[in-house]
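Here is a short tour to read with the model open beside you.

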Amino acid sequence: MKLVLMSCCAPCSAGAIKQLSDGEISGVDDFIVLFFNPNIFPVTEYNKRLSEQIKYCEKLGVKYAIGEYDHTAWLNHVKGLENEPERGARCSKCFQFRFEFAKKWAQENGYDAVASVFGVSRHKDQSQVDCAGKTALGAQYAPIKWNENLRQKIGHELDFYRQNYCGCEFSIRKV
């Protein structure tokens, strides 16, 4: 399988990228990390997360791709759901939007499956991510179980920039 791994940030994706890079996920012959996060706000936050993601991929010699940052398109997609709570309907729409982009990107670039680390975040619900993935991708969705301990270990060793909210302006939490 040629896999597209969708990443929201380096701390959440580190363990998955390491497992894939080390060949620990059976059935995956090739993979690329896709950073497509038009939901992240403000753009300075987006740039911090993108920079950390690139730095980690380059450290491991892992391929990566960056989708266009079109925050306005994302806002239009979740319009009317601004007051939804974290893990509510807005999050499902957000995941679907990003999975639909990944599906198209995968097809255009010769990849046949898509997985994500969106559910790794303590701010998210893995079952909600899986549901959105299956809805947007169908059989192309690869719900892979990542090693949580490895994610935490790598994140602390490399001292990644860590954010205290999911990414969108509607979910910013006070620290």
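## Helix α5 and what covers it

The cover over the buried residues of α5 includes α4 and β4 (113-116); cover here is judged by contact, meaning heavy atoms within 4.5 Å. Those buried residues are Gln 128, Val 129, Asp 130, Ala 132, Gly 133, Ala 136 and Leu 137. Buried means under 20% relative accessible area, exposed means over 50%, and partly exposed lies in between, with a 1.4 Å probe and protein chains only. Helices (H or I, at least four residues) and strands (E, at least two) are DSSP runs, numbered from the N terminus.

This is a predicted model, in which local features need pLDDT of at least 70 and side-chain atom pairs count only at pLDDT 80 or more, while totals for chains, interfaces and linings use all residues. Residues are numbered from 1 along each chain as its sequence is written, and side-chain values use heavy atoms, with hydrogens and water left out.

Does the length of α5 agree or disagree with what its residue count predicts? It agrees, because the 12 residues of α5 (residues 126-137) should span 16 Å at 1.5 Å a residue, and the end C-alpha atoms are 16 Å apart. The expected span is 1.5 Å times one less than the number of residues. Just after α5, Gly 138 has a positive phi of about 60 degrees.

## Helix α4

Helix α4 (89-108) has 20 residues and runs 29 Å from its first C-alpha to its last, close to the expected 28 Å. Its buried residues are Arg 90, Cys 91, Cys 94, Phe 95, Phe 97, Arg 98, Phe 99, Ala 102, Trp 105 and Ala 106. An α-helix has 3.6 residues a turn, so residues three or four places apart point the same way.

What do the buried residues of α4 pack against? Their partners are the strands β1 (2-6), β2 (30-35), β3 (64-66) and β4, together with the helices α3 (71-77) and α5. Just after α4, Gly 110 takes a positive phi of about 80 degrees.

## Two loop details

In the loop between β2 and α2 (43-60) you will find Pro 42. The peptide bond from Phe 41 to Pro 42 is cis, with omega near 0 degrees.

Arg 87 sits in the loop between α3 and α4. Although Arg 87 is not a glycine, it has a positive phi of about 75 degrees. Arg 87 is partly exposed, at 42% relative accessible area.

## Pockets and a cavity

On a 1 Å grid over the protein atoms alone, a cavity is a set of points where a 1.4 Å probe fits but cannot get out; a pocket is an open set with protein on both sides within 12 Å along at least five of seven lines, and lining residues have an atom within 4 Å of a point. Points are joined across faces, edges and corners, and a volume is the space filled by probe spheres set on them. The largest pocket holds about 290 Å³. It is lined by 21 residues, and the closest to its centre are Cys 12, Ser 121, Arg 122, His 123 and Gln 163. Both α1 (10-21) and α4 supply at least two residues of that lining.

The second largest pocket has a volume of about 160 Å³, and its lining includes Gly 119, Val 120, Trp 146 and Glu 148. The whole structure has one cavity of 30 Å³ or more. The largest cavity, of about 40 Å³, is lined by Asn 39, Arg 90, Cys 91, Cys 94, Phe 95, Lys 124, Cys 166 and Cys 168.
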